[in-house]
Amino acid sequence: MTRVLLITPYGYENQGVRMLSAVLRREGFDAPILYMKAWRNNDIQPPTDRELGLFQKVIRQQDPDVIGIGFGTPYLRIVTELTRLAREVSDAHIIWGGVHPTISPEDCIDHADSVCIGEGELPLLDLAAAIRDGEPPDGIANLWVRHGDEVVRNPPRPLIQDLDTLPYGHQLLGAEMLVLEDDKVVARDPSVDNTMYRIHASRGCPFKCAFCYNSQYRQIYADLGKYHRQRSVENVLQEIELARTVRPGLKRIRFDDDSFVFPRAWIEEFCREYTRRVGLRFDILLNPTTVNERNLRMLKDAGLDHVQVGIQAGSDEEREKQYQRKGSNQDTLELARLLADIGIAVTYDVILDNPLSSRADKQAMLDLLLQLPRPYNLFLYSLVVFPKSFTATTLLAAGVITEEDVEGRATKSFEQFRLSLSYPRSNEDTFYASLISMASKGFIPRSAVRALASSETLREHPTPVRYGAEVANAVKLGSVAYKMLRRGELSVFKLAEYASFRRRLIQ
């Protein structure tokens, strides 16, 4: 049996690699997965020397015909080293795929035998068949294939339109899984004790925000089929039902769709059937411009108790100019009031540390957050610049960053993906980040935050504000953890992700 070893660095919950394994196994290929170290919030640790040695040992033991490595831009250097080590002990065809190879294949083709651009299920299946049959993979759509100094660049194929034709993730089908972490290799599903099940009911996104890979994927797939596609309600529910038989301790379903946007008929069927057949609490991601009150109330009745909403910027001008994101502060405020009225908890996504943000932009963000109904949570993100994005182009053109600041060369996301107040930044940025963190704390009066914001002394010397924000956040995190514990959602998996000083979130 042709063996395809799939490797995912820092991706215990990588849904893409699970799907690849399922597709390969359905067609008769052996497709084990190696999870190469865990993602830890703001605490990404490169492999140790012992872990690199164990990596080579796994390669020798697995003896694969194909090695597939899927990864994002931050891990380019690590994957390059893993590939070099794999070649020392294996003659397998090595293919790279994922977000970074799709966006920047020219960075990758000198290291891999082939690079997959875009959706990988069918190209990888074709590659495995070619290797099995002893045929060259030169003509496989979506692949760049290297022959010495020559590269065959095949065009992308049309997007998969009927997502129901794809199998469910491999974790439901019993594929072999290995976890390499903490200087040892263990055979197990790394998310088996996670009380939350993550699922995508769609692919693609109806939006094209500058900071997101979807804007670049849309360019690659122009005229190659509908980009934002939905699975049927029945297909989604069958996966969840099967997941519950494998993981009976599930407490929550997380819909990881970039934005939970579906036709009304889909929402109506989903709410009716989800209530009857599943009944677990669930959460979704929302864009304020797509909210329909009737749909939201139906989802609430079906079990929706939390949404994650992207604000990104505090002023309409910054949101449009810097991030190419539609929507206004008024949209956000109207959604916030609706959520408060219905009784759905909310977390707002905010991006800070943009070098082009003015003082007025930062103040606008604080002002907006202070208008939102409490309680709410915050996910603060420090702007990470990815190659070829509109954000990268804009910042480079403005001369406020260099190519060395772009991920792939830089590794800022290893320690500052979610924003932490201890990270070095200007006094003004520390001042506003601290106040923005305080804005979500219901036990801090809004008037107190506004009073602090008016102090020029604290703006120039923000250390007291920062320490106050750290203490307030610790109190808030304790409250969040207690609520999760009461609901039975504070799993070992979540503690490993976030339970340390460096990994703490701002809520």
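Glu273 and Arg277 are four residues apart in helix α8 (residues 264–277), so about one helical turn separates them. Their side chains form a salt bridge, with the closest N and O atoms 3.8 Å apart. Shared partners extend this into one salt-bridge network of Glu234, Glu241, Arg272, Glu273, Arg276 and Arg277. The model is predicted, and it holds 40 salt bridges.

**Salt bridges and burial**

- Glu273 has a relative accessible area of 14%, so this residue is buried.
- Asp189 and Arg18 meet through their side chains in a salt bridge, at 3.9 Å from N to O.
- Asp189 lies in the loop between β9 (184–187) and β10 (196–199), while Arg18 belongs to helix α1, so the pair ties together parts that are 171 residues apart in sequence.
- Both partners are buried: Asp189 has 10% relative accessibility, and Arg18 has 1%.
- Another salt bridge joins the side chains of Asp256 and Arg254, at 3.1 Å from N to O.
- Asp256 counts as buried at 15% relative accessibility, and Arg254 is buried at 9%.

**Aromatic pairs**

- The whole structure contains 18 aromatic pairs.
- Phe255 and Phe260 have ring centres 5.5 Å apart and planes at 70 degrees; planes over 60 degrees apart count as edge-to-face, so this pair is edge-to-face.
- Phe255 and Phe260 are both buried.
- Phe255 also forms an edge-to-face pair with Phe282, at 5.7 Å centre to centre and with 80 degrees between the planes.
- Phe255 is in strand β13 (residues 252–255) and Phe282 in strand β14 (residues 281–286), so their pairing ties together parts that are 27 residues apart in sequence.
- Phe282 is buried, as is Phe255.
- A cluster linked by ring pairs takes in Phe255, Phe260, Phe262, Trp266, Phe270, Tyr274 and Phe282.

**Arginines over rings**

- Arg153 lies over the face of Trp144, 4.6 Å from the ring centre.
- Arg418 lies over the face of Phe379, 4.1 Å from the ring centre.

**Strand β2 and its neighbours**

- Strand β2 (residues 33–36) is covered on both faces: Ile33 and Tyr35 are buried on one side, Leu34 and Met36 on the other.
- β2 pairs with strand β1 (residues 4–9) in the parallel sense over four bridges, and Leu34 of β2 is the bridge partner of Ile7.
- From β1 the chain passes through helix α1 (residues 15–26) to β2, making a right-handed β-α-β crossover.
- β2 also pairs with strand β8 (residues 177–181), in the parallel sense over four bridges; there, Val179 of β8 is the bridge partner of Tyr35.

Methods:
Residues are numbered from 1 along each chain as its sequence is written. Side-chain values use heavy atoms; hydrogens and water are left out. Buried means under 20% relative accessible area, exposed over 50%, partly exposed in between (1.4 Å probe, protein chains only). Helices (H or I, at least four residues) and strands (E, at least two) are DSSP runs, numbered from the N terminus. Two strands pair if DSSP finds at least two bridges between them. A crossover is right-handed if, with the strands pointing away from the viewer, the path from the first strand over the helix to the second runs clockwise. Rings of Phe, Tyr and Trp (its six-membered ring) pair if their centres lie within 6.5 Å; planes under 30 degrees apart count as stacked, over 60 as edge-to-face and the rest as tilted. A charge sits over a ring if NZ of Lys or CZ of Arg is within 6 Å of the ring centre and within 35 degrees of the ring normal. A salt bridge is a side-chain nitrogen of Lys or Arg within 4 Å of a carboxyl oxygen of Asp or Glu.
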